[in-house]
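Have a look at it first.

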Amino acid sequence: MKKLIMIAASSLLCACGGFFDKDNTPSPAELVKFTPTAKVHTLWNVSTGWGAGNGYFTYVPAVTTSTVYTASKNGYVIATDKLTGKMRWRADIHAEISAGPAATDELVIVCSRAGGIVALHTTNGKIAWKTRTSSEILATPAMSAIGPIGPIGPIGHGIIVVKAVDGNLAAFSADNGRVLWHYQQTEPTLILRGASAPQINNNTVIAGFANGNLAKLTLQNGNLLWQQPIATPEGSFAIQRMIDIDANPIIGGNRIYTVTYQGRIAAIDISSGQIIWTHPLSSYTGMAVDDRYVYVTDAKSDIWAFDKDSGKVNWHQTQLGARYLSGPALVGNTIVVGDAEGYLHWLNKNDGQFIARNRVALSGIFAAPVTDNTVIYVVTKDGQLAAYSL
């Protein structure tokens with residue numbers, strides 16, 4: 001049976017009480033007035049192309065040593081100098097891009113709606129290789145610098161792990177796109193149009209699925225080490241039973257932090273897969289973690305800070321409701337989120353209070369900003385790419 005994928009437009013996600021009744025869609029909260037205590041410095045702001053266009057795709061920028069890579073729905077991959085904002089190159093893969101980019105200093109990886117995986121050389125954007133997987137890819141690929149292990153050690157220059165919307169997790173050689181292994185989970189018929197990216201950690205892969213399961217596998221051969229259901233479907237209707245893990249799992253020390261839609265946030269022991277603490281929550285955007293707290297944007301556009309050890313709520317910011325926030329990013333003592341009107345909101349991560357606000361563009365920011373040292377890189381829905389610092 002062909003999988004029915006529910007478009008995860010934020011306006012639909014937040015109307016769960018009467019999902020198909022447009023009158024139930026909440027209005028975005030008005031911007032609150034406050035006295036800024038920090039100044040946002042614009043390093044550069046450039047247009048990289050079409051961006052997501054009229055599609056719901058979340059292209060998170062990929063940042064390497066010298067370059068920021070972005071993708072557009074119409075097939076273009078753009079390399080931008082991260083210091084100056086000048087374009088290094090632009091490449092056309094001649095397919096609609098649905099996920100990516102992911103990048104190392106050697107390769108940039110993007111994925112297509114038809115299940116295609118395309119690797120490009122970072123030096124010039126020329127295609128290095130192409131391959132395919134089982135179905136559409138909405139999750140950013142994960143990349144490891146260590147290749148498959150041979151008789152005398154690692155072979156090649158890395159492994160790429162991709163998760164398709166049908167629950168197929170697959171690993172490929174970064175050298176030539178050769179398939180290394182597959183792992184399959186059974187996904188529900190109805191899922192959000194989004195997906196969490198697999199995470200590579202110490203020769204293992206952590207992946208969250210639309211059925212609410214979190215799994216840990218070996219990177220070299222895809223053997224399952226453990227599996228943990230994070231939430232249980234509840235309700236009479238399929239839409240009420242959606243418990244997708246669409247926010248990327250976050251690894252902090254010996255724990256994994258993950259959250260489901262219409263379910264809960266959980267801290268998991270990375271070795272055993274056992275749940276340490278949970279809290280009821282619904283999220284599909286993203287999380288961040290530091291040495292004290294786990295920060296998460298929920299489906300109502302509230303922002304939470306949980307104690308990473310106990311799960312106790314430290315603060316809960318409710319003044320950005322229905323502004324359809326991105327996942328959070330951390331820089332210094334600040335948490336940064338984007339919204340559907342193109343604003344960046346800068347909050348003190350100790351108490352969740354606003355310290356600054358700036359507008360990147362008129363179009364929305366759905367991809368979480370990316371932190372590189374003290375610089376934040378953000379891309380808007382229409383392809384505007386900007387770099388900021390406090």
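What volume does the largest cavity have? About 90 Å³.

## Before we start

This is a predicted model, where local features need pLDDT of at least 70, side-chain atom pairs count only at pLDDT 80 or more, and totals for chains, interfaces and linings use all residues. Residues are numbered from 1 along each chain as its sequence is written, and side-chain values use heavy atoms, with hydrogens and water left out.

A cavity here is a set of points, on a 1 Å grid over the protein atoms alone, where a 1.4 Å probe fits but cannot get out, and its lining residues have an atom within 4 Å of a point. The volume is the space filled by probe spheres set on the points, with grid points joined across faces, edges and corners.

Nearest its centre lie Phe-57, Tyr-59, Val-379, Thr-380 and Lys-381. For these classes, Ala, Val, Leu, Ile, Met, Phe, Trp, Tyr, Cys and Pro count as nonpolar, Asp, Glu, Lys and Arg as charged, and the others, Gly among them, as polar.

The second largest cavity holds about 70 Å³ of space. Its lining includes Lys-163, Glu-187, Phe-209 and Asp-246, and splits into seven nonpolar, one polar and three charged residues.

Asn-168 sits in strand β15 (residues 168-173); strands are DSSP runs of E, at least two residues long, numbered from the N terminus. With 5% relative accessibility, Asn-168 is buried (under 20% relative accessible area, while exposed is over 50% and partly exposed in between, using a 1.4 Å probe and protein chains only).

The Asn-168 side chain makes polar contacts with the side chains of Thr-133 (3.2 Å) and Ser-134 (3.2 Å). A polar contact is a pair of N or O atoms within 3.5 Å; within protein, one must be able to donate a hydrogen and the other to accept it, and residues adjacent in sequence count only if both atoms are side-chain atoms.

## Salt bridges

The structure has nine salt bridges (a side-chain nitrogen of Lys or Arg within 4 Å of a carboxyl oxygen of Asp or Glu). One of them pairs Arg-323 with Asp-339, at 2.9 Å between the closest N and O atoms. Arg-323 is buried at 4%, and Asp-339 is buried at 0%. Arg-323 also meets Glu-341 in a salt bridge (2.5 Å, N to O).

Terms used: On a 1 Å grid over the protein atoms alone, a cavity is a set of points where a 1.4 Å probe fits but cannot get out, and a pocket is an open set with protein on both sides within 12 Å along at least five of seven lines; lining residues have an atom within 4 Å of a point. Helices (H or I, at least four residues) and strands (E, at least two) are DSSP runs, numbered from the N terminus.
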